[in-house]
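Biologist: I'd like to learn how to read a model like this one. Could you walk me through a helix pair and a ligand site?

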Amino acid sequence: MAIISPSVLTCDFLTFLDDIKKLEAAGVDMLHLDVMDGIFVPNISFGVPVIQSIRKHTNIPIDTHLMIDKPHRYIEQFAKCSDWLGFHYEAGSDNIETLKAIKSYGCKTCITIKPKTPASAVFDLLELCDMVLVMSVEPGFGGQKFMMHALDKITELKSEIKKRSLKTLVEVDGGINAETAPLAVKAGADVLVAGSFVFNSDNITETVKKLKEL
Ligand code: DX5
Ligand code: ZN
């Protein structure tokens, strides 16, 4: 069974509560919240107040994906309203210190790599990571096409994690749909982030259930 973390980037935030209830009914495992600062990525989304509001209305664990420059500056605020907190390897913070800071707030840690960053870049950090997020699109926008080379990176990470008997999960984000989700699971992905595929579907609950069965 795959772990499903729907990305709410493409939602209508004023009617979003209905969608949350549908996701709860489908038994989603996490809610993927994409935070963008317009500097690390060429897009701006939302920040702490929106996450705090979402948290008030659901018990679904919050999986926050920071796409911000020098994320160490904001770890305390985001860790306090998230269950899982991830930031980019390439974002200009001391990665070890930032992972330790996330853990110090009792939050699960995640490091994220962009499409051009090799999987081996994070091998030294695996002991500190509850999850590694492999981007299968350039971060910044929903609705892009899955990059097939992400599959090799997922497999490489998974085999390193197994070799070292770690429990780190591998998450994949970008372009996940009915065709690419089974490929990602076969490559070794534990957690699938899916945005447009879930929220543009006619039946959110059914779409999530089908993904979960993979
Ligand atoms: C992109 C975000 C993704 C995005 C995924 O930078 O990190 O989480 O919302 O959207 P889809 O599933 O449409 O590619
Ligand atoms: Zn994301």
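Modeller: Happy to! Keep in mind that this is a predicted model. Let's begin with a helix pair: Leu 151, Ile 154 and Thr 155 in helix 5 meet Leu 183, Ala 184 and Ala 187 in helix 6.

Biologist: How do the residues of that contact divide into nonpolar, polar and charged?

Modeller: Between helix 5 and helix 6, five are nonpolar, one is polar and none is charged.

Biologist: At roughly what angle do the axes of helix 5 and helix 6 cross?

Modeller: Roughly 30°, and the axes come within 8 Å. Angles under 35 degrees count as roughly parallel, so helix 5 is roughly parallel to helix 6.

Biologist: Now the ligand. Which residues come nearest to ligand 1?

Modeller: There are 20 residues around ligand 1, and the nearest are Ser 7, Gly 140, Asp 173, Gly 195 and Ser 196.

Biologist: Which polar atoms lie by the oxygen atoms of ligand 1?

Modeller: Look at side chains and backbone separately. Asp 173 places a polar side-chain atom 2.8 Å from a ligand oxygen, and a side-chain N or O atom of Ser 196 is 2.5 Å from one. From the backbone, a polar atom of Gly 175 lies 2.8 Å from an oxygen of ligand 1.

Biologist: And how much of ligand 1 does the protein cover?

Modeller: The cover is 99% of the 390 Å² of accessible area that ligand 1 has on its own.

How values were computed
Residues numbered from 1 in each chain as written. Chains lettered and ligands numbered in written order. Predicted model: local features only at pLDDT ≥ 70, side-chain atom pairs only at ≥ 80, totals over all residues. Heavy atoms only, no water. Axes fitted to C-alpha atoms, helices over the stretch in contact; angles between N-to-C directions. Helix = DSSP H or I, 4+ residues; strand = E, 2+ residues; numbered from the N terminus. Parallel < 35°, antiparallel > 145°, perpendicular 65-115°, else oblique. Contact = heavy atoms within 4.5 Å. Nonpolar A, V, L, I, M, F, W, Y, C, P; charged D, E, K, R; others polar. Near = heavy atom within 4 Å. Polar contact = N/O pair within 3.5 Å; in protein donor to acceptor, adjacent residues only side chain to side chain. Areas by Shrake-Rupley, 256 points an atom, 1.4 Å probe, with all protein chains shown as cover.
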